Amino acid sequence: MLNAAVVITIILGFLGVVVKRNLIMKIIAMDVMSTGVIAFFVIWAARSGMFTPIYKPWRELTYADPVPQGIILTAIVIGLSVQALMLVGAMKLARNHPTLEVESIEQAIADD
């Protein structure tokens, strides 16, 4: 059930990128899609019986590998940075062409 929700989130984000014509909506759709991908990896890596890798010398436990967690945190930070960069690009486009619709911007660039 949870896997299906994550896959639906990824598909909805992808469809938003393809179908929506507004640049801000495309950026939000990319955020939804990246959130779905990160959730997919988190669900895929979750295992019962494993504990967070916080070392406690008095406990003999099986710890989860911290590398995938670090990779996911890095993916979250990179995704946030890419979104900020895309928003700056959309803002600069909106200054030159007072619209965020893709067809209008393409037409204005073709006319120039």
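## The second largest pocket

In this predicted model, the second largest pocket holds about 220 Å³ of space. Its lining consists of 14 residues, and those closest to the centre are Ser34, Ala75, Gly79, Leu80 and Gln83. Two elements, H2 and H3, each give two or more residues to this lining.

H3 supplies the largest share of the lining of the second largest pocket, with eight residues. Sorted by class, this lining has nine nonpolar, four polar and one charged residues.

## The largest pocket

The largest pocket contains about 410 Å³ of space. It is lined by 16 residues, of which Phe41, Val42, Ala45, Pro68 and Gln69 lie closest to its centre.

At least two lining residues come from each of H2 and helix H3 (66–96). H2 gives the most to the lining of the largest pocket, namely six residues. The classes in this lining are 13 nonpolar, one polar and two charged residues.

## How H1 and H2 pack

Helix H1 spans residues 2–19 and helix H2 spans residues 23–45. Their axes come within 7 Å and cross at roughly 155°. Angles over 145 degrees count as roughly antiparallel, so H1 is roughly antiparallel to H2. The crossing of H1 past H2 is left-handed.

On the H1 side, the residues in contact include Leu2, Val6, Ile10, Phe14 and Val17. On the H2 side, they include Lys26, Met30, Met33, Val37 and Phe40. By class, the contact between H1 and H2 has 14 nonpolar, five polar and one charged residues.

Notes: Residues are numbered from 1 along each chain as its sequence is written. This is a predicted model: local features need pLDDT of at least 70, side-chain atom pairs count only at pLDDT 80 or more; totals for chains, interfaces and linings use all residues. Side-chain values use heavy atoms; hydrogens and water are left out. Axes are lines fitted to C-alpha atoms, for helices over the stretch in contact, and angles run from 0 to 180 degrees between N-to-C directions. Helices (H or I, at least four residues) and strands (E, at least two) are DSSP runs, numbered from the N terminus. Angles under 35 degrees count as roughly parallel, over 145 as roughly antiparallel, 65 to 115 as roughly perpendicular and the rest as oblique. A crossing is left-handed if the near helix is turned anticlockwise from the far one by less than a right angle, and right-handed if clockwise. Contact means heavy atoms within 4.5 Å. Ala, Val, Leu, Ile, Met, Phe, Trp, Tyr, Cys and Pro count as nonpolar, Asp, Glu, Lys and Arg as charged, and the others, Gly among them, as polar. On a 1 Å grid over the protein atoms alone, a cavity is a set of points where a 1.4 Å probe fits but cannot get out, and a pocket is an open set with protein on both sides within 12 Å along at least five of seven lines; lining residues have an atom within 4 Å of a point. Grid points are joined across faces, edges and corners, and a volume is the space filled by probe spheres set on the points.
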